[in-house]
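Here is a friendly walk through one protein–DNA model, meant to be read with the structure open beside you. Please have a look at it before going on.

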There are 2 protein chains.
Amino acid sequence: MELRQLEYFLMVCEVNSFTRAAERLYVSQPAVTSAIKSLEDELGIQLFDRTLKQAVLTSEGQVFYKHIQHVMHGVSQTLSEIDNLKNLNTGTIVLGITPLAGIAPLPQQLAAFAEIYSDKTDRRG
Amino acid sequence: MELRQLEYFLMVCEVNSFTRAAERLYVSQPAVTSAIKSLEDELGIQLFDRTLKQAVLTSEGQVFYKHIQHVMHGVSQTLSEIDNLKNLNTGTIVLGITPLAGIAPLPQQLAAFAEIYSDKTDRRG
DNA sequence: TAATATTACGTATTACGTAAAGATT
DNA sequence: AATCTTTACGTAATACGTAATATTA
């Protein structure tokens, strides 16, 4: 099971069509068919009913859908948080000071840092 | 980002070593190195500090770890639920009856079904 | 030097697109 | 007939293992 397959799966669920899902994912229809098929094979269940004009979830597919929605939401949140870390919107600064260095230059350095990131710094006292 | 990479990542976190993670995953060390490295490249952050003898999470790695734990737990739950569905431990039976068929044979048929799956049937009235 | 992680490289797997065929209304 | 899905197949990308190299205590 791969995230790519799950992504394709959610898209097919949303648009109820392999063709339209492929369009939105910017891949070919066969790519979607193949991904969903291998997913079904691995899970050992059929996810969609293709007998109708629309691709509609089977009852098992519905169960899978609910779970996978949560999983992919978690993935999204993870990537967002990582992006925040990279942009320094979130983060923790660890200060280490040796006795010899002294604390004399500290206030000035902290002020300089806060100045640079003035729009992003949360000054707690 | 792929589930395989996340699986490798969690294992390295657990054992604090690429070598031991590889052993537990039944793959070679280079496979783990490569998977983690491509994950780091894609995320744009460094997940582990390798300067020490042990592979230890960076601060960003710790954030990623917490999120991914939840994601993978969700994946596990999903697979468990699907297994339950396949084993008929969970499921919904939809009954459809046409007027012509009549309801006369129904009680007998339901009784027969409940008999077969007596250990798994939740009879609600 | 002993233990650990990385790099190099050849092989096998597979995701993809194009083209053709099958299936349902 | 028209629309949607699947199958066939060739190509490009990549996951893996073995072997060699680098790095740190």
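This is a predicted model: local features need pLDDT of at least 70, side-chain atom pairs count only at pLDDT 80 or more; totals for chains, interfaces and linings use all residues.

Residues are numbered from 1 along each chain as its sequence is written, chains are lettered from A and ligands numbered from 1 in the order in which they are written, and side-chain values use heavy atoms, with hydrogens and water left out.

**How the two chains relate**

- Chain A can be laid on chain B with an RMSD of 0.0 Å, using a turn of 180° and a shift of 0.0 Å along the axis (a least-squares superposition on the C-alpha atoms of residues with pLDDT of at least 70 in both copies).
- That is the relation of a two-fold axis.
- The same surface serves both copies, as 100% of the contact residues of chain A recur in chain B (contact means heavy atoms within 4.5 Å).

**Where the chains meet**

- In total, 21 residues of chain A are in contact with 22 residues of chain B.
- Between them, the two chains bury about 1900 Å², with 81% of it on carbon and sulfur atoms (buried area is the accessible area, taken with a 1.4 Å probe, that two parts lose on being put together, summed over both).
- The count of salt bridges between chain A and chain B is 0 (a salt bridge is a side-chain nitrogen of Lys or Arg within 4 Å of a carboxyl oxygen of Asp or Glu).
- There are 2 residue pairs in polar contact between the chains, both residues at pLDDT 80 or more (a polar contact is a pair of N or O atoms within 3.5 Å; within protein, one must be able to donate a hydrogen and the other to accept it, and residues adjacent in sequence count only if both atoms are side-chain atoms).
- Helix H4 of chain A, residues 59-86, gives the most to the side of chain A that touches chain B, with 15 residues (helices are DSSP runs of H or I, at least four residues, numbered from the N terminus).

**Around DNA strand D**

- DNA strand D is surrounded by 18 residues, and the closest are Thr19(A), Thr33(A), Arg50(A), Tyr8(B) and Ser28(B) (a residue is near a strand if one of its heavy atoms lies within 4 Å of it).
- Sugar and phosphate make up 76% of the atoms of DNA strand D that come within 4 Å of the protein.
- H3(A) gives the most to the surface near DNA strand D, with 3 residues.

**Around DNA strand C**

- DNA strand C is also surrounded by 18 residues, the closest being Tyr8(A), Ser28(A), Thr19(B), Thr33(B) and Arg50(B).
- H3(B) gives the most to the surface near DNA strand C, with 3 residues.

Terms used: Helices (H or I, at least four residues) and strands (E, at least two) are DSSP runs, numbered from the N terminus.
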